Every structure is written in C-alpha cells, then in structure tokens.
Amino acid sequence: MKQADIVVVGGSAAGITAAITARRHHPEKTILLIRKEKQVLIPCGIPYIFGTVGTPENNLIPDGVLQANNIELIVDEAKELNPAEKTVFLTSGESIIYDKLVLATGSYSLVPPIPGINKRNVYPIKKDVQHLKNLLDALNDVKDVVILGCGFIGVEFADECKKNRDINVTIVEMLNQCLQIAFGEEACKCCQEVEDYLADKGIHVITGSSLVEVLGDDKITAVKLSSGQEVKADLLIIGIGVKPNVVLAENAGLTVGKGGIIVDATMRTSDPNIFACGDCTSKFSFFTGQPSGLRLASIATTEARIAGANLYEISRKNPGVVGVFSTALGNLTVAMAGMSAKGAKECGFDVITGYAEAPDRHPGGMPGMSKIWVRLVFNKANGELVGGAVRGGPSVGELVNTISACIQNRMRASDIATFQIGTHPAVTASPIAYQLVNAAEMALKNMTFKSK
Ligand SMILES: Cc1cc2nc3c(=O)[nH]c(=O)nc-3n(C[C@H](O)[C@H](O)[C@H](O)COP(=O)(O)OP(=O)(O)OC[C@H]3O[C@@H](n4cnc5c(N)ncnc54)[C@H](O)[C@@H]3O)c2cc1C
C-alpha cells in the first residue's frame, strides 16, 4: 500500500494545475497524481490535430511539468474511493492512502440518444489519443463530413477538417446562429462574421435544425434533420457539450448534483478532506449565483488553483464563473467575457452598452494591424461592467481577458474610462482610440450613475 500527503485523481487541465498549485503552497508535502491515460492531450488543441498540428502526438501535455514540480505520476485508473479510510483503490490492485484528496475527473462528451447513433464513422469528440487517431485516419477516406454543433468546438473542427482535404463539410446547429450560446444573442455581429468566414471556406451551415436520425446500414451514409431534410454523410463528428464524470465521487457517497460534484466556494466537497475542481464539479454564475453549465479549461484551472491552495488552510474563494471564450478562424478572432446584453436582461439587469472600433496599431498602416471592435455591457444600476464582446485579429485574445479582469474586479464604466494603459505603435491601439476605454466612455454618456 502506498501513501502520499496529497493525491490528485485526473491528469488533465484541472488535475495538473491542482497538483502544481499544491506544490507551490505546500513544498514539504508528498504529492501523487493518478491518471488513467498514458498520454494526455491538450484538450483545447484537439480540433487542430485535424489540420494545423497534424497528429495527436503534436498536441500533448508534457509529463515534464510533473517531474519539474516533484509530483509522482501513476498511470492507472482510480476505481474506488473509501473516504472513511482515506484510501483510493486502483484497477491494478494497488491502493493509496492520502491525507488530502483532489478529484479532477473531468467530463465525457455528450452523445444524443437518437436512432443510428452507434453506426460506424460516428465520432463523439473524446479526449483520447487512439480515438482521435482513428478519426484522423477515417477523415482521409471520406467525402461528406457532418459536424453536429456550431459552438466554438464545432466551428474549429469544421475549419481544421477542411484544411488540405477535398471534402464537403456541413455543420448542423439547432439554434438560429453559430456560436449563439457563447455570445448569448441572435443577430450578433461576431456570430455573423463567423458564419461569413465559414461560407467563404465552402463550409455549409444549417441552423435551426436538430439531428433526429443517423442513416445507413452498419456505417453512416446520411443524417436526417428535424426539418425532414437528409444530408449525405460518411462521417459524423459530435461536438455538443459534455457531462461531468462523477462516478468515483458518487460511488464513494460524496454529494453530487445534476451539474457535477457539489463543492463550496473553497472547492471542498461534502468530505472535508476531499476537494474537487474542473469539469467534474458543479458551478455557479459570478453574476447571479445560479448554477452554471459552462465547462472550460480556463474555469477548470482557476478552480484547481483555488483547490490546490486551500488543502490545509483555506486562503482562496471561488467568486463563480464569469465565462470567457475566444476562438480564431483564419485572421478573424471573436471573443466574449461575461454576459451579453440579452443575457443580462434575462437575469434581471437593466443594462447600458457602449462600443468602439479602432485599429490595434498606430498608425493603422503598421504591420500586423487589425481593426478591433469592442462592445461593453454595464449594469445600469451601479455602472459595473458585466460583459464584453470583441472582434478583430489575434490581439482580441488578450483584450477579452482584460475585460474579464475588469468584470471580476467589479470595475465601473468610470474606472474603465480612466484606466491607465500602456501603448506602443507596434503592439497596441493608440492611446486616443483605445477601444476598451472608448467603449466605456460611450456607455457613460447614457449613464446616470457615473462614479463610486
Ligand atoms: C475539442 C475541445 C476543445 C476545447 N477548447 C477549449 C478552449 O479553447 N478553451 C477552453 O477554456 N476550454 C476548451 N475546452 C474545454 C476543456 O477541454 C475542458 O474544460 C477541460 O479539459 C477540463 O479539464 P479537466 O481536467 O477538468 O477534465 P478533463 O480534461 O476531462 O480530464 C479529466 C482527467 O481525469 C482522468 N480521469 C477521470 N477519471 C479517472 C479515474 N477514475 N482514474 C484516473 N484518472 C481519471 C482522465 O483520464 C483525464 O486525465 C475544449 C474541449 C474540447 C473537447
């Protein structure tokens, strides 16, 4: 029987981050990480296996990060947990005694329970090297690919699958627009530009229709949609979301809800010596405190940094999910943090928006320039920023993170309008035209609540 002060189950975004954080906060402890797969994929890089990076092997998290932090790795499956005896039992027959345990068991991809879904060449997106190798091989031998789900994973898959392959790609989405869940509203400019980009690449998007049946004998030949339309398909990729993996926790008698393992704001489960983080845990909204269905690596790692630090003494609290997305297709990047105006109104907020558009270099003729469009959403009652959408080139990825920091720190329009920024012609917008500041300034024009 082995023993370690801290045991982490799960070796992806949340598990690795929790173990590294535990090491930083508890340098004297022994830390052991158990994960069931030999090689761990960078989950967010999975779509790029099918185009830009080329193979699953080019998209792995190196184990060196564990060695560098003096974290012992066991490749095995935790099949049972006994909280009373503080013991984890592994499939190999080994058992491990812990003082503190972190569950980071992640999620499974959702598969719709429709007729024909088990036919050959139907691929849910699994975080599994062999499964993705099989998909990569299968893609070399098909003509008509259908992707179910037009969220950011669906659009990234479509764009990557189309690269260097002479195939027809169709995305089927039950909502009325691409990325509508991420951006929270219909007729959204960011979503429209993504649809235009996909159309330009020859990717066909069918919105407002759901998949009702997979047709064919042993192997898929077509899909049937709720509209009655049939779309030819010799391969189907399913990217419609995930469900939390709670088996270990549930069987051990920990409290589990519909959204995952129940944790408090310190990431502690119903057992005081067991913490949980990442896709396997329940989440709540930063804005309303209501349950949140969002599952992102950025959320998983934030939770892991809270759990890893809190194991022996509570020092961090989870403020809830802000929700920050970005995706890039060619030269177009779109991103969103927090709530859309529509989403905020649905949650009972009265909102004021402000927008600004300007080049992200100055003068605009500087190399690498792209025009950045920013729309900020403020709570009218107190002037606090509650959301922001951004569109443009690569600088959008970090700008949306700045917006998230402003949201999390409850900054008001007046704070953002006088935000101290650093600018340089080769890397940022001009200080006069700085989009974030000017969007806040535009919102302030219509706001009665101006400062603290
Ligand atoms: C295609 C795709 C693209 C994505 N892109 C983005 C993106 O751009 N940005 C973003 O923020 N998020 C993205 N996500 C979401 C992100 O991947 C997840 O939120 C993230 O992987 C969650 O990390 P996790 O560690 O909680 O869970 P997981 O990644 O699911 O990992 C769970 C780990 O636990 C292990 N495990 C489970 N049970 C056991 C057991 N009993 N014993 C031992 N080991 C076990 C698994 O083997 C695995 O190592 C994407 C997801 C997908 C599928």
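How far from an oxygen atom of the ligand does a backbone N or O atom of alanine 13 lie? The views below are of a predicted model, in which local features need pLDDT of at least 70 and side-chain atom pairs count only at pLDDT 80 or more, while totals for chains, interfaces and linings use all residues. Residues are numbered from 1 along each chain as its sequence is written, and side-chain values use heavy atoms, with hydrogens and water left out.

**View 1. Surroundings of the ligand.** The ligand is surrounded by 33 residues, and the closest are Ser12, Ala14, Glu37, Lys127 and Asp279 (a residue is near if one of its heavy atoms lies within 4 Å).

View 2. A backbone N or O atom of alanine 13 lies 3.3 Å from an oxygen atom of the ligand (a polar contact is a pair of N or O atoms within 3.5 Å). A polar backbone atom of alanine 14 is 2.9 Å from a ligand oxygen atom. For aspartate 279, a backbone N or O atom is placed 2.9 Å from an oxygen atom of the ligand.

**View 3. Helices α1 and α8.** Two packed helices are described by the angle between their axes and the distance between the axes. The axes of α1 (residues 13-25) and α8 (residues 297-310) come within 7 Å and cross at roughly 30 degrees (axes are lines fitted to C-alpha atoms over the stretch in contact, with angles from 0 to 180 degrees between N-to-C directions; helices are DSSP runs of H or I with at least four residues, and strands are runs of E with at least two). Therefore α1 is roughly parallel to α8 (angles under 35 degrees). On the α1 side, the contact (heavy atoms within 4.5 Å) includes Ala13, Ala14 and Thr17; on the α8 side, Arg305 and Gly308 are among the residues involved.

**View 4. Two loops.** Histidine 362 and proline 363 are joined by a cis peptide bond, with omega about 0 degrees. Proline 363 is in the loop between β22 (351-359) and β23 (371-379). Asparagine 70, although not a glycine, has a positive phi of about 55 degrees; asparagine 70 is in the loop between α2 (64-68) and β3 (71-75).

Terms used: Angles under 35 degrees count as roughly parallel, over 145 as roughly antiparallel, 65 to 115 as roughly perpendicular and the rest as oblique. A polar contact is a pair of N or O atoms within 3.5 Å; within protein, one must be able to donate a hydrogen and the other to accept it, and residues adjacent in sequence count only if both atoms are side-chain atoms.
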